[in-house]
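I opened this structure to look up a few local features.

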Amino acid sequence: GSSALVMLEGESGIGKSRLASEFTTVARNRGAKVLWGHCDGGVGGAPVLWPWIQIVQEQSRDCEPEEPDPHSHRDLTKLAGDILRLASPEPDSGGALAIRPELETVIDATLGMLSKAARSFPVVVIMDNVHRADRLSLDALGIVARDLSGTGVLIVASYHDCLLRSASSPAKTFAELALRASYHIQLRGLDEDELAELVELR
C-alpha cells in the first residue's frame, strides 16, 4: 500500500467516526490490517499516549510468539512496555521537552513496527478524535507524519475543527500535520438550499 496521512475534519456528530469505520470495513475486505487509536485526552483515567498504547498492544496480540520471526512478539511486547513507561502523568512544558528524545525513539520504533507489517499486507491506522489527544500523543503523530514516506502505512486522523480555534491547543504541531497531509477531507452539514432540495426529493 501507499504511505499517506489523511486528515478528516468535521464538527461533532457529523459522521467522522462512522466514515472512518465504513472505510476500515472496505480496507479489511481488501486484506488490510486496521489498527485503531482512540484519543480520549485522559477521559476516564486513560493515560497519556493512550492511542499509541492501543495500536501497539493490538498489533502485539495479533503477532503470535511462535511466528517464524521469534523476535517479532518479543519486540512488540517490549515496545508496548516502553510506551507504557512513558505514559506517566502528563508532564508540564519543561518535562515534555525533556522527554522528547525518548518519545522520538519509541515512536520511531512504533513506525518501524508498522512499516514491517506493511511489507506483508496493507496497514491502516485510524487516529480517532485527534482534537482530544494529549500533548504527547499529538507530538507522536507529528513524528510519524514526518517520517511516514516509504513505510507503506496509511494513517487517517479525524478531528473537530475546534482544535484549530483553540488558543490552548498545540497549534504549531497541528499546523505541521496539516501541511504533511496527503489528503484533507472536510465533512460539513447541509446549507439551507441543500436542505430544501433534500426535502423536495422526499
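I began with asparagine 129, which is buried because its relative accessible area is 14%, and buried means under 20% (exposed is over 50%, partly exposed in between, with a 1.4 Å probe and protein chains only). The model is predicted, so I note that local features need pLDDT of at least 70, side-chain atom pairs count only at pLDDT 80 or more, and totals for chains, interfaces and linings use all residues. Residues are numbered from 1 along each chain as its sequence is written, and side-chain values use heavy atoms, with hydrogens and water left out.

I placed asparagine 129 in the loop between strand 3 (123-128) and helix 5 (135-146); helices (H or I, at least four residues) and strands (E, at least two) are DSSP runs, numbered from the N terminus. Its phi is positive, about 60°, although asparagine 129 is not a glycine. Most residues other than glycine have a negative phi.

I then looked up leucine 49, which has a positive phi of about 65° and is not a glycine either. Leucine 49 sits in the loop between strand 2 (33-38) and helix 2. With a relative accessible area of 1%, leucine 49 is buried.

Next I checked helix 2, residues 50-61. How many of its twelve residues are buried? I found nine, so helix 2 is mostly covered; among them are Trp52, Ile53 and Val56.

Last, I turned to leucine 19, in helix 1 (residues 16-29). Leucine 19 counts as partly exposed, at 38% relative accessibility.

Methods
The expected span of a helix is 1.5 Å times one less than its number of residues.
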